[in-house]
Amino acid sequence: MSAQVSTHAERKGFGFWWTMLVAAILFLFGLPIAAGGAWLIALGGSWYYLLAGIGLLATSYRLFRRDRNALWAYLLTYVGTVIWALWEAGFNGWAQVPRLIAPTVVLVLVLTTLPMLRGQFRRFGTGMAAAMVTMAGAMGAIGVANSGVEPSFAQEQLAPAEEPAPANPAIAPAPPEPEQTPPAEETPDAPAPLAPGTGVPTPEDSQATTGETGVEPEIVPEPINFAMPETGADWPAYGGTHHATRYSPLGQITRENVGELELVWEYRTGDMPEDGERYSNQNTPLKIGNQLLLCSAMNKVISLDASTGLERWRYDPGVPTDAIPYNATCRGLAYYASPTLESTDFCAERVIMNTLDARLIAVDVQTGQLCDDFGIGGIVDLEEGLGHTVPGWYAPTSPPTIVRNVAVVYSQVRDNQRRDAPSGVVRGYDAESGEMLWAWDMGRPGETGMPAEGETYTRGTPNVWTIASGDNELGLVYLPHGNSSVDYWGGMRSEEENTYSTALVALDVTNGEVAWFYQTVHYDIWDYDLGSQGTLIDYQTEDGVVPALILPTKQAMFWIFDRRTGDLLVEVEERPVPQGGVEPENLSPTQPFVVDFPNLLQPDLEEKHMWGMTPLDQLGCRIQYRQASYEGIYTPPTADRNWIQWPGYNGGSDWGGVAIDPERNIMVANYNNTANLNRLIPREDVDAMGIRSIDQGGIEDGAPENINPQGDTPWGIQVNAGWRVPFTGMLCTEPPYGGITAIDLTTREVLWDKPFGTARKNGPFGIPSMLPFDIGTPNNAGAVVTASGLIFIAAATDDLIRAMDIETGEVLWEAELPAGGQAGPAMYEVDGQQFLVINAGGHNFMETPIGDYFLAYALPETHANVDAMTGEGGQ
């Protein structure tokens, strides 16, 4: 009797209920995996999930019965899982995370129930041994992830072209919109809609050299008044100089001593969000003489002592928060030294800045006061001639580019609001007087002045939101253009827009005329705007050294031009691309591909490339993949179902550009591998959701935040940027999501290529995992390279700044930043001491912490000297 009571108590004790809990967990996961697996099979996908779900349900059933066969049922499922995982993904550690981690955890749970299962001890021991052997094998596969998996991703050339499959309806991506929208105001009568485009330019028409445009650059120009200082002691421009090589000839910090770098000072601007505003400062400061010149997120111009980081002066232009577009950022300032004034004269040296509220401002470098001889009291109104606009719509975030004495000004125009948007006009201003010298408005060819009274610059034209580069000797400015307003439908674009959209345009700064141009995407309806600054180098060819320009793109290709004429220095092939979507009659049948220079374009996505933290969310992504329209790169936008954009609009290279070591002839490029899942939404549905353009009240409370209106067109656009997994917020495609590479420009060979960014600040539900493994994160902002063979870069979402060996890619030093480092570093020297400085401002879209920090690093001897100057080092 007592034995029976004991057995009954044992059955209802902790072990019993633990076994029931494990059985319930397996049932709860097995049921949706089996059902989802059946759905996936119906869509033409993998059979694994149905079989795995059945295995989990069978194990659950046996556990509820406390049957020792539960172990064997799960071991069979687990062994099948390991075999399938290795067959589909090999020893790619990150790819195996959703395939093997969760099943291994389940195996451990099943093993913990063994003491409660009915069966003989001998069989129990045999089952345990079999389970341990199986689990050990699986752990070996999973362990590949711990080694950081660093395959080479760059390709020497593109794969042979294939004829596109029959087109299916598809969709494209759109950028996120701020939560804050200005109050609605009465909108004046809009200009008549632009006439529908007369067709896409042929490939031959998408490029014009100087001979075809009739503008020959002057190789021996008139004397250049303003000469841009070189890098070294100074860092006089956003990209080092307006050639944008991001190269420093300094060599005090070397491979041998870089590990000793210390934080020598930290400065905070005090410019932080106060009421949920979206901040994302991406400033690269200038160093001129003994001053470090920077701007805060809301355009406060600040001068610091370059040695100590102590503030000398600041100028606050009083930009209101309603002027914030996607986010508050000031990428940089433009430095100008007057050749007509004495060096001691007021405003002989000045910085010129675009503000978020569309003003062009000139400030004296020595005092921080407005240059009263510039414009009206130091300010030029950039809204003049634009016509109807509201705060946050036409909002410059990048600095002007000064070529000779001309400050070339351009601006972002907030995407996907409406077709009738402010113009993307580019204007040239006298850097001393602020007088407008010319305006290049592609919709008014031959007219370079202000529009006539009652008229405006052409509305809705492609704009330049990023940074231009310039050549003083040639008198050319190189403008990377975006696409027209709106991004994902082009049925109302003009012939001029179809010519210059997503094109690099070289303008003659003496008159604002087009010298040459090249279009990298025909009829861009994917938001593949040119986000990178072109980099000017001397490029060795079979015919000798040629003044060249390298342009990276979001499609992860590198275009190289003779910057004098626009002639290509790489081979380009027009290849057939998918057709269809909602406007098949307008699409270009081909797109240009660079075929004889390494590219970072990833292979087409397949179902096996779907990811997640568990088999369940990976299954969800596989179902989404099978449901979506996808035929490879340039799959056109669709409305009847989602379409996959790969790479997404944050793919390839963005505003960071590339860095060039001219001594070693090595190019360093960081890049992104992220997809978007998008869909066009009919106008009536968009209106019903309360989604309106920024000038018509914006988005109503409770409306979806990932839909943009694209007003005045038949379609709004829904964008899942990065293609996020529901619930966990992870990405649907497998890592790496970003990389960094070095390419030998002489041999056109990839020296190394590796994932860039650790998983330490990333994880499910937005919870930092703190894992130090190189998963390869999304990254934006560029690098600095030095004469000593070092790369300095932050950019990734792990909030680290690193020093890397340019010849091997080895990380030699790293430091944690107090906020996201989505800004390019600067390198300079003071009294023989070398400094590295970076803005840790964070980025709301990349979900890195927001900050107002500027941090300087140097070697210990410099640190001691700084402490002595600031009184922090004691006696």
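Is Arg802 buried or exposed? Select Arg802 and see: with 3% relative accessibility, this residue counts as buried (buried means under 20% relative accessible area, exposed over 50%, partly exposed in between, using a 1.4 Å probe and protein chains only).

Before we move on, a word about what is on your screen. This is a predicted model, in which local features need pLDDT of at least 70 and side-chain atom pairs count only at pLDDT 80 or more, while totals for chains, interfaces and linings use all residues. Residues are numbered from 1 along each chain as its sequence is written, and side-chain values use heavy atoms, with hydrogens and water left out.

**Stop 1**

A search of the whole structure turns up 33 salt bridges.

**Stop 2: two other pairs**

Now pick Asp562 and Arg564. Their closest N and O atoms are 2.8 Å apart in a salt bridge. Asp562 is buried at 7% relative accessible area, whereas Arg564 is partly exposed at 28%.

Helices (H or I, at least four residues) and strands (E, at least two) are DSSP runs, numbered from the N terminus. Asp596 is partly exposed, with a relative accessible area of 28%.

**Stop 3: helix α5**

Select residues 93–112. This is α5, with 20 residues, and it reaches 27 Å from its first C-alpha to its last, close to the 28 Å expected at 1.5 Å a residue (the expected span is 1.5 Å times one less than the number of residues). Of those 20 residues, 15 are buried.

Where does α5 bend? Look at Arg99: the helix bends there by about 40°, and Pro103 follows within four residues. The bend is the angle between axes fitted to the seven residues ending at a residue and the seven starting there. Arg99 also belongs to a network of salt bridges with Glu88, Glu607, Arg622 and Arg626.

**Stop 4: a hairpin**

Jump to β14 (residues 426–430) and β15 (residues 436–440), which pair in the antiparallel sense over 4 bridges (two strands pair if DSSP finds at least two bridges between them). Click Gly428 and you'll find its bridge partner, Trp438, in β15. The two strands form a hairpin with 5 residues between them, and Gly434 in the turn has a positive phi of about 80°.

**Stop 5: an open sheet**

Last, colour the four strands β25, β28, β30 and β29: they form an open sheet in the order β25-β28-β30-β29, with antiparallel pairing. β25 (643–645) and β29 (707–708) stand at the edges with a single partner strand each, so one side of each has no neighbour in the sheet. Zoom in on β25 and β28 (residues 676–682), which run antiparallel and are joined by 3 bridges. Here Ile644 stands opposite Leu677 in β28.

Definitions and conventions:
Salt bridge = Lys/Arg side-chain N within 4 Å of Asp/Glu carboxyl O.
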